[in-house]
Amino acid sequence: MHTIFQYQEYVSEYLESECKMKEPRNLYEPIHYILGLGGKRIRPVLTLMTAEIFETDYKKALPAALAVEVFHNFSLVHDDIMDDAPLRRGQTTVHEKWDLNTGILSGDAMLILAYQYFESYQPKIFRKLAKLFSKTALQVCEGQQWDVDFEVRDDVTIPEYLKMIEYKTAVLVAAAMKMGAIIAQSSKDNAKLIYDFGLNLGLAFQLQDDYLDAFGDPETFGKQVGGDIIENKKTYLYLKAMEFSTPEQAAELKKWFTEPAADIEAKVAAVKEIFNVSGGSQATQDAIQEFTFKAFDTLDKMNLDTAKKEVLRTFGENLMGRIA
């Protein structure tokens, strides 16, 4: 087994070797740009790690890992267009650096490129990878649509929100891991269990992101703390706070999320206070722990030696360690 840092290096090196600049330059340059912005590359790392967990050389999983990374970045390019976002990973977004049409077309090309990376596999493996990838890609689109729909709804339920983040975020984490299992030709049971591990860890990770957006350390979180509050996003924190609040607290919270705020800092502080006193923040931390433990429960069912299970457990613990 290798370290997370080593897997990240392998993904970056393979990405550099495979993604060559071609003509027309205005189509491919934005692709190189967004892929070059880096990030933690957690999803492709999981594909490589899972292949090795199931006794297969990580190099065999590199094309699938790159497909996952290219698809993930494709979704970010189009998400940024939909959100009219000016920055991505601290840099100008593709549609702002070039233009809207270029962002759309380059994003489309990335989706096609992602599929092409599976072509290096034998037909039996290719079919399984392509089937999983198609299902996952459609789920991500469905999750994004629900996210958009929820922005104008006042009646979003907790189960609906969890389904949205499952599709928008967690299924790609789960699929990235299952691809490693498919390439390693592991048993169906292990492939399903590793998918469930990734799905629950992905849910925990997204809920943790919701929590850290409000209560994280600006120095370590890497994003603007309070951004979801400023944008009036009805996250798990908000929904749980509304569920547990007194009528007076609920009315105040709803007012902050519907009326323009003259003082943004005051809004963020007031909303965070309601999140805390209502019990919404504690309920969110409890849910993060619940989904993390669900992920770990799948490890006991896998046909793996103890050392490999500990690798997965340690990875999960390190990933979720940001909550402390």
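Visitor: Where is the place of Gln-206?

Guide: Gln-206 sits in helix α9. Keep in mind that this is a predicted model, and every value below was computed from it.

Visitor: Is Gln-206 buried or exposed?

Guide: The general idea is a cut-off: a residue counts as buried when its relative accessible area is under 20%. Gln-206 has 16%, so it is buried.

Visitor: What does Gln-206 touch, not counting residues up to four places away in sequence?

Guide: Gln-206 touches Ile-165 and Thr-169. With Thr-169 there is also a polar contact, side chain to side chain, at 3.2 Å.

Visitor: Which helix holds Thr-292?

Guide: Thr-292 belongs to helix α15, which covers residues 280-299. Its relative accessible area is 8%, so Thr-292 counts as buried.

Visitor: Where does Glu-52 lie, and what is it in contact with beyond its neighbours within four places in sequence?

Guide: Glu-52 lies in helix α3, residues 42-53. Beyond those neighbours, Glu-52 is in contact with Met-1, His-2, Tyr-7, Tyr-58 and Lys-308. One of these, Tyr-7, is joined to Glu-52 by a polar contact of 2.6 Å between the side chains.

Visitor: Why does Glu-52 count as buried?

Guide: The relative accessible area of Glu-52 is 12%, and buried means under 20%.

Visitor: What about Leu-111: which helix is it in, and which residues does it contact outside four places in sequence?

Guide: Leu-111 is part of helix α6, residues 100-116. Leaving those sequence neighbours aside, it contacts Phe-71 and Phe-74. Leu-111 has a relative accessibility of 26%, so it counts as partly exposed.

Visitor: What should I look for in the backbone?

Guide: Most residues other than glycine have a negative phi, and most peptide bonds are trans. Exceptions can be looked up one by one.

Visitor: Which residues does the cis peptide bond join?

Guide: The cis bond joins Glu-23 and Pro-24, with omega at about 0°. Pro-24 is in the loop between α1 (4-18) and α2 (25-36).

Visitor: What phi does Asp-84 have, and where is its place?

Guide: Asp-84 is not a glycine, yet its phi is positive, about 50°. Its place is the loop between α4 (62-83) and β1 (87-88). Asp-84 counts as exposed because its relative accessibility is 54%, and the cut-off for exposed is over 50%.

Visitor: And what phi does Gln-185 have?

Guide: Gln-185, not a glycine either, has a positive phi of about 55°. Gln-185 is in the loop between α8 (158-183) and α9 (188-215). With a relative accessible area of 57%, Gln-185 is exposed.

Visitor: How many helices and strands are there in the protein chain?

Guide: The protein chain has 16 helices and two strands.

Visitor: Why does the radius of gyration agree with a compact globule?

Guide: The idea is to compare the chain with what its length would give. For 324 residues a compact globule would have a radius near 20 Å, and the protein chain has 20 Å, so the two agree. The C-alpha atoms fill a box of roughly 60 × 50 × 35 Å along the principal axes.

Visitor: What share of the residues counts as buried?

Guide: Of the 324 residues, 53% count as buried. As for contacts between residues at least 6 apart in sequence, 72% join residues at least 24 apart.

Notes. Residues are numbered from 1 along each chain as its sequence is written. This is a predicted model: local features need pLDDT of at least 70, side-chain atom pairs count only at pLDDT 80 or more; totals for chains, interfaces and linings use all residues. Side-chain values use heavy atoms; hydrogens and water are left out. Buried means under 20% relative accessible area, exposed over 50%, partly exposed in between (1.4 Å probe, protein chains only). Contact means heavy atoms within 4.5 Å. A polar contact is a pair of N or O atoms within 3.5 Å; within protein, one must be able to donate a hydrogen and the other to accept it, and residues adjacent in sequence count only if both atoms are side-chain atoms. The radius of gyration is taken over C-alpha atoms; the globule rule is 2.2 Å times the number of residues to the power 0.38.
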